[in-house]
Amino acid sequence: MIRLLDKWSIDPPLVFAITGLTLFGIAMIYSAGVVQFPNDVTSGAWIRQSGWFALALVSFSVLSRVPLRWVEWVSVPAYVVSIVLLAATLVIGSGRGTAAGVKSWIDLGFISFQPAEIAKLSTILVLARLLSQRDSGLVSLRDMLPAAALVSLPLGLVMLQPDLGTAMAFVGILFAVLYWAATPVVLLLLVASPVVGLFVSYDTVIWSGYILAVIGFLYLYRYRLFLFESVAVVLANFATATISRPLWNSLAAYQQNRILVYLDPEVDPRGAGYQVIQSKVAVGSGGFGGQGFTLGGQKRLDFLPEQHTDFIFGVIGEELGFVGTTLAILAFAYVLVRLVRMAENSSDPFAGLVLLGIFGAWLVHVFVNVGMTIGLVPITGIPLPFVSYGGTFLFMSWVAVAIAVRVAHER
Amino acid sequence: MNIHHPHARQRRARGAYLIVVLFMGTLIFAFFRIQVLGSSAWELRAVSNRIRTLPIPAPRGTIFDRNGEILADNVPGYSVTILPGPVDSVRATLSRMARYMELSDERIEQVIRTLQQYGREVVVDSDADFEVVSALEERRADFPGVYVEMRPRRRYLLGEAAGHVMGYVGEITAEELNSEAFPEYEYEAGMIVGKVGIERQYESRLQGSRGVRYLEFDARGRIVGDFEGVEMNPGAPGEDLYLNLDFALQQWVHDIFPDSMSGAVVALDPADGGVLALYSAPGYDPNLFVGGIDTDTWNTLNADERKPLFDRSVLGLYAPASTWKLATAGIALDLGVVTPDEVMPEPCNGSFRWGNRIWRDWDPRQQGFNNLTQAIGSSCDVYFYQLGLRIGLANLLRRATEIGFSRRTGIDLPQESQGIFPDEPAWYQTAFGYWPTEGEALNLAIGQGPNSQTPLKMAQFYVALARDGSAPAPVIARGVPVAEGWQLDLAEEHIEALREGLRRVTAPGGTAHFSTALEYWEVLGKTGTGQNPLSVRGLAEDHAWFAGMAGPPGEPPEIVVVAIVEYGGSGSRVAAPLVAKTADFYLRRKYGMEIDTIQTYQEFVRQGPVPAWYRKRFPEAGGGDR
């Protein structure tokens, strides 16, 4: 029996860890529905999630048997289709729940889904396909351009929705895949530097120190960089520093508010800061051991926002305490480490890149989602893989698992 | 080197592990800070998030009459309260509530303003009907932040019969909150407080201290229930209050007072100054004010020409007219300018010549020489003109002021008018711009001139006559500090002479005999016919006064009653029977006798033949009819 399960799962450590996370998620979704004044949507969510889980297992069983080359072959058409879908979303998309103004869903009547979920997977595949053809690492900015372009397209479309959280996932994918394609870390940092510069430019002194550090870095690595690359990095830094002020002013008041609230939620405790504060109250009042499964007060009385979807980790924090949050974070850490281990063990370049792409996406999802429940990261509507309620998201995450085990174990 | 060589992969994998450790380690560290190091602060915040303290109104103290009968108590009622929240959602909630209860747009805005001003719960309706309450409770989810609770509702059992003296309660106003009378540490917006009358006077005693309950709310303001973590504090009910007032007597006075007339009746116990009845007509029902009076009723009360909201018994100022002659007589006796048996040189013949004018008597038909008691009995103006001259203006002003005719009685009510009486000749200079002649003494001696008194003040004066010349301050409640009384220095035989004069008024042949003669009790008193701005011009009758006292024959009086009927004409006709009937009712009850609505001789003979008791009590009268 155990052998049978092992065989079915192909990669027992990863698949069973994720199965455990999914079941844990269903339990927490159940708990999230246990409230003082129940409503049909949240109280039945765990049943629907269980149904989607069953469906996901079936698709996993099938997809994990698809030959690697099929996957490789399907990557380009899948990428094209997902770009088309993303573009279509901007026209016919609809919002959901608190993010009603965000056009990220396509509703087909019998089912609705987020094209961005498909786009993430297909982008990983197409990136992997592109970079797997190289034998040597990427050594210049110019080398990175094709990969960056492939990611920029879906990323830009997602930004237009606007869905900042998913956009960050694309950034995570790009950096993880580039890293696995042996791009020097220095180069990756230099690419990221103008964006970092954008944020530190609010203070001239800090920014001056920062730009000096960047230039010093460039000098140290001058033999590994083309001159034009160094110049481009410096110019890009100056450019972002220059536009930071006008950019800030061009933001709508609510957008500025979001950033200010991230820095200090108490500036607007009843408005933009409400979610973070209530979530922090829930997590904080959980204490070391938690208030007990289904017994969270903040959750029960509806203070915790979006408690069965984006803020499910708040329920975990409140009911299971520091013990629960740590175990959950360690479980995700284990899954992430396992992905890297699989990549490390795989001699196939395509497989390794796909695994790292999935790694990058999930790392961002976990860090941003878990971090926002305690105000470590600004709030963006991004779910926690396998745990947050959401049928198509769970399904697509399991498709990613299927692809991961398939590519890793192709012999 | 091939980037896909196992060693290269291994090196990159190590970097990736490091990334996982860094990111996940950051998360775990951050959770450690919040959940382990900072959890107590967040726990507190979680509790304050959902627990709100709400006041439990203390039941107001019950008010009893002198016999232990309830004058004011509390019946179960419901109040509807709303908690502060975003203005738009509060407004929406209130508009939804307006479907099930009476809630005007102005009231909605007023509630919202109060919510914003104080940032705490506001009572929307302190006296909600049961149907409203059940309608709201059924749809509780539609009314976030709204809660319904039991709240004692004030009830006044005497209704209109005692509206003025009892007063009423209502929600505290912003002005009251800012005043010193309602200290900040005891009073908050939304509380029900005494507004006027006894309710206001003994507010702090009746109020009690409100309790606190802890309610659990969800994020949308829906009530979950009582929070079990903290014991609620039920508060303490207000102290009960016992009054000298007599429930049945007050009701009786209300019943016998002519419906179409305005005026006041004051009944005092001469033994201790206790107020037995304090009535002002027309009255109002204080129950109308409980839970907020509706605008129409308020406007009607306010616009009524008969001024039902005006308490004539303690605020109304009237020329005391002939009832004041007793003060003139008392002062003269005290100063020794006359003896009780002395006959004045000028006889009562309808007019008196002094200075360059003729001073008329109210009754031009009067004949003969009078001594003091005779003059009181027939209310002879000419006698009192001469008495006034003997006292002299300055003396009259000084002594009357000393007695206290320009002071308040000090009754335990929030409002009382001060009597008006000149304290010295210079008063005229200030008030009217001229220096008075001795002639002013003539006017004042018969109770005219710049002399205005409240019915209560005159009652206190007659209490002094019913006693030894001293008069305790009238007091409504028992067991409370009492204001300083009066001390009228009069020898016992002088008091007796004054009472003899009063007895002549009600004795056979006296002006008020027929309307005051009672089967069991001796009534003494003085009529008064007070001029008023309308009667002076012949547009209305004079105000009718009767100030009297009664008790078992031959014994000291046990009740003092003063009645004034505005535009009632002669005191003996309308005011005297009110006094006699009030005294009769009180004394019969006091001595455990049956009550009859046919009480005075006048009432008997209107019904039939001269009653047997009358011939027995007044054999000298011979049973004459009127």
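Tutor: The radius of gyration is taken over C-alpha atoms, and the globule rule is 2.2 Å times the number of residues to the power 0.38. This is a predicted model, in which local features need pLDDT of at least 70, side-chain atom pairs count only at pLDDT 80 or more, and totals for chains, interfaces and linings use all residues. Residues are numbered from 1 along each chain as its sequence is written, chains are lettered from A and ligands numbered from 1 in the order in which they are written, and side-chain values use heavy atoms, with hydrogens and water left out.

Student: What radius of gyration does chain B have?

Tutor: For 626 residues, the rule for a compact globule would give a value near 25 Å. The C-alpha trace of chain B spans about 150 × 55 × 45 Å along its principal axes. The radius of gyration of chain B is 35 Å.

Student: Why does the radius of gyration of chain A agree with that of a compact globule?

Tutor: The C-alpha trace of chain A spans about 65 × 55 × 45 Å along its principal axes. Chain A has 411 residues, so a compact globule would have a radius of gyration near 22 Å, and the value for chain A is 22 Å.

Student: How many helices and strands are there in chain B?

Tutor: Helices (H or I, at least four residues) and strands (E, at least two) are DSSP runs, numbered from the N terminus. Chain A has 17 helices and two strands. In chain B there are 25 helices and 19 strands.

Student: What percentage of the residues in chain B is buried?

Tutor: Buried means under 20% relative accessible area, exposed over 50%, and partly exposed in between, with a 1.4 Å probe and protein chains only. In chain A, 54% of the 411 residues count as buried. For the 626 residues of chain B, the buried share is 56%.

Student: What share of the accessible surface of chain A belongs to carbon and sulfur atoms?

Tutor: Accessible areas come from the Shrake-Rupley method with a 1.4 Å probe; for residues, only the protein chains shown count as cover. Chain B has about 26,900 Å² of accessible surface, with 50% belonging to carbon and sulfur atoms. For chain A the surface is about 17,400 Å², and the carbon and sulfur share is 70%.

Student: Which two residues of chain B does a cis peptide bond join?

Tutor: Most residues other than glycine have a negative phi, and most peptide bonds are trans. P282(B) is in the loop between strand 12 (275–281) and helix 11 (295–303) of chain B. With omega at about -5 degrees, the cis bond joins A281(B) and P282(B).

Student: Is D302(A) buried, partly exposed or exposed?

Tutor: D302(A) lies in the loop between helix 14 (297–300) and helix 15 (312–345) of chain A. Its phi is positive, about 75 degrees, although D302(A) is not a glycine. Because its relative accessibility is 22%, D302(A) counts as partly exposed.

Student: Is F386(A) buried or exposed?

Tutor: F386(A) is placed in the loop between helix 16 (349–372) and helix 17 (391–408) of chain A. F386(A) is not a glycine, yet has a positive phi of about 70 degrees. With a relative accessible area of 2%, F386(A) is buried.
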